[in-house]
Amino acid sequence: MECRKIRENLSAYIDKELNFLTRWKIKRHINTCPACKKEWLKLKKIDTISKMILLESPESGFYQRLEKKLPGRKKINSRKYGLSNLTRAWTFTPLAGKAFFVAGVAALIIFLSFIYPRFLSPSLNIDRFEEEYLRSRGEVISWVREPSPIILIQEQRG
Amino acid sequence: MNYGKLWKIIIFTLLISLSSTVLLLADEVEDILKYSFDSGIRANLEGIKESKIYTSTQIYTFVTREVYQEPDFMYIEYINPPRVRGRILIDDGKRRIEYIPTTGKIRVTPSFFSSQIKEKREKNLKVLLKNFEISQLYEEQILGRPVYTISLSPKGISTPLLKIWIDKKTYFTLRKEKYNLNGEPISLFYYKKIQFNKYFPRKRFYQELPSLPQNPETHPFRTYYSLEEIKRKINFPLSLPEYFPHSYVFQEAELMGDRKTVKLIYTNGIDIVVLFQRPRIDVAMRYHRELMFRGMKMRFREGIYGNTLVWSSSGKTFVLIGELPLDEMLKIARSMK
């Protein structure tokens, strides 16, 4: 790999965003090319420093001050009201989101009540209808003491 | 003496006596049929019965050992074919027990002799008497016993659909032959051996069964509805056929276990045709052929005891089962409103 291409990928190499083969090629190159190794060490130092900065926690009272500065935001004390996480999530959901949720639930109810049973319900076996037919036949026609309807159904299946 | 007048009187008297004899005979035939139709048993007997069922491709033969005891006991044991051997049906007037040895399954249903089913048969007999010409044929003997031979033909058609041989002494049916309108046999049964006046203690037959489970699968009495009643029981519009083959009348409606499927039963007194309908559902079916009829995809198959036609339209699924030819079934399907 050329030095130019190696340097282009150094940042991604440090962030572990490259595939195994590319990483292996870069690593091999760094070990043999002092200029690229210098560039890699420089970038790695910057990365370490930036991570240290981000990991540092804000000074005390930062979030309170931030909250005061945010407009139209009501403070809710969840402990005081005993609200669950779900209720809190519902409270903070914007109106459009709530409307979308209600519409979704309504659509689900309609689907389960009307569409599913009518078009997608599980199938019935024809044997069940034929068994019903034979049962009625046995009850209605008196002198037909013929082989039992149930047995005939099973005979037919066989 | 005026001979002309005398002849007139003689002829008139002869005509009166002849017509009254015919009327008496007609009454007698109906009575024989009524007695035979009645679900009660007036004999104690044991017999070996052979039943044959004809389809377009096959003849099914069943051999059973049957015991009937007055007034309401019957025991049927399957002997042949081997696949059904050992199956038992016992009806003691209170409940009907069916036992299948291969599965060990026992099914308990209301008795054939129960008042509800008896009432159903009486209604059916009225339809039969209305729809069929009943005639008594020649004198005959079956297994050495004198029998009434009765033929039933649809009114206006000479082809008999049913012939039955009824024992003169006990009104027990000893033979039955059933035909379609083309005169082809549909089914028949006859006794190969029969012994009357044979008494058995009933307990003996229960020994043939394995011990009944604590909670056998019991089917309670169904509730039967009129068309108006069933319409109020369901939450979808009921479709009714405008056409039905001649002589078939609506008998009753039932609501199946899922409370969504309606079962409409039509009868001509000899046969029944059942029309099921429910909100659209897929009906799993094998060994059928598909056909297109007036833009509707239909499935049809021939069964041992009747043909089955399945189709869906207007958000509903229909299943029609009965001993009717396909063209008649299609006419019914077409007339659904």
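Me: Rings of Phe, Tyr and Trp (for Trp, the six-membered ring) pair if their centres lie within 6.5 Å; planes under 30 degrees apart count as stacked, over 60 as edge-to-face and the rest as tilted. How many aromatic pairs does this rule give over all chains?

Reply: This is a predicted model, in which local features need pLDDT of at least 70 and side-chain atom pairs count only at pLDDT 80 or more, while totals for chains, interfaces and linings use all residues. Residues are numbered from 1 along each chain as its sequence is written, chains are lettered from A and ligands numbered from 1 in the order in which they are written, and side-chain values use heavy atoms, with hydrogens and water left out. Over all chains, the number of aromatic pairs is 15.

Me: Which kind of pair do the rings of A:Phe129 and B:Phe276 form?

Reply: The ring centres of A:Phe129 and B:Phe276 are 5.0 Å apart. Their planes stand at 70°, so the pair is edge-to-face.

Me: What does the pair of A:Phe129 and B:Phe276 join?

Reply: Helices (H or I, at least four residues) and strands (E, at least two) are DSSP runs, numbered from the N terminus. A:Phe129 belongs to helix α8 (residues 126-140) of chain A, and B:Phe276 to strand β16 (residues 272-279) of chain B, so the pair joins two chains.

Me: Is A:Phe129 buried or exposed?

Reply: Buried means under 20% relative accessible area, exposed over 50%, and partly exposed in between (1.4 Å probe, protein chains only). B:Phe276, at 1% relative accessibility, counts as buried. A:Phe129 has a relative accessible area of 2%, so this residue too is buried.

Me: How many residues apart are B:Tyr68 and B:Phe172?

Reply: The planes of B:Tyr68 and B:Phe172 are at 65° with the ring centres 5.0 Å apart, so the pair is edge-to-face. The pair links distant parts of the chain: B:Tyr68 is in strand β2 (residues 59-69) of chain B and B:Phe172 in the loop between β10 (162-167) and β11 (173-179), a separation of 104 residues.

Me: Which residue lies over the face of B:Phe189?

Reply: Ring pairs link B:Phe189 into a cluster with B:Tyr68, B:Phe172 and B:Tyr191. A charge sits over a ring if NZ of Lys or CZ of Arg is within 6 Å of the ring centre and within 35 degrees of the ring normal. Over B:Phe189, at 4.2 Å from the ring centre, lies B:Lys49.

Me: Which element supplies the largest share of the lining of the largest pocket?

Reply: Elements of chain B that each supply at least two lining residues include β11, β12 (185-196), β20 (306-313) and α5 (326-334). The largest share, three residues, comes from β19(B).

Me: How far apart in space are B:Lys178 and B:Ile53, C-alpha to C-alpha?

Reply: B:Lys178 lies in strand β11 of chain B and, at 2% relative accessibility, counts as buried. In sequence B:Lys178 and B:Ile53 are 125 residues apart; in space, C-alpha to C-alpha, the distance is 9.6 Å.
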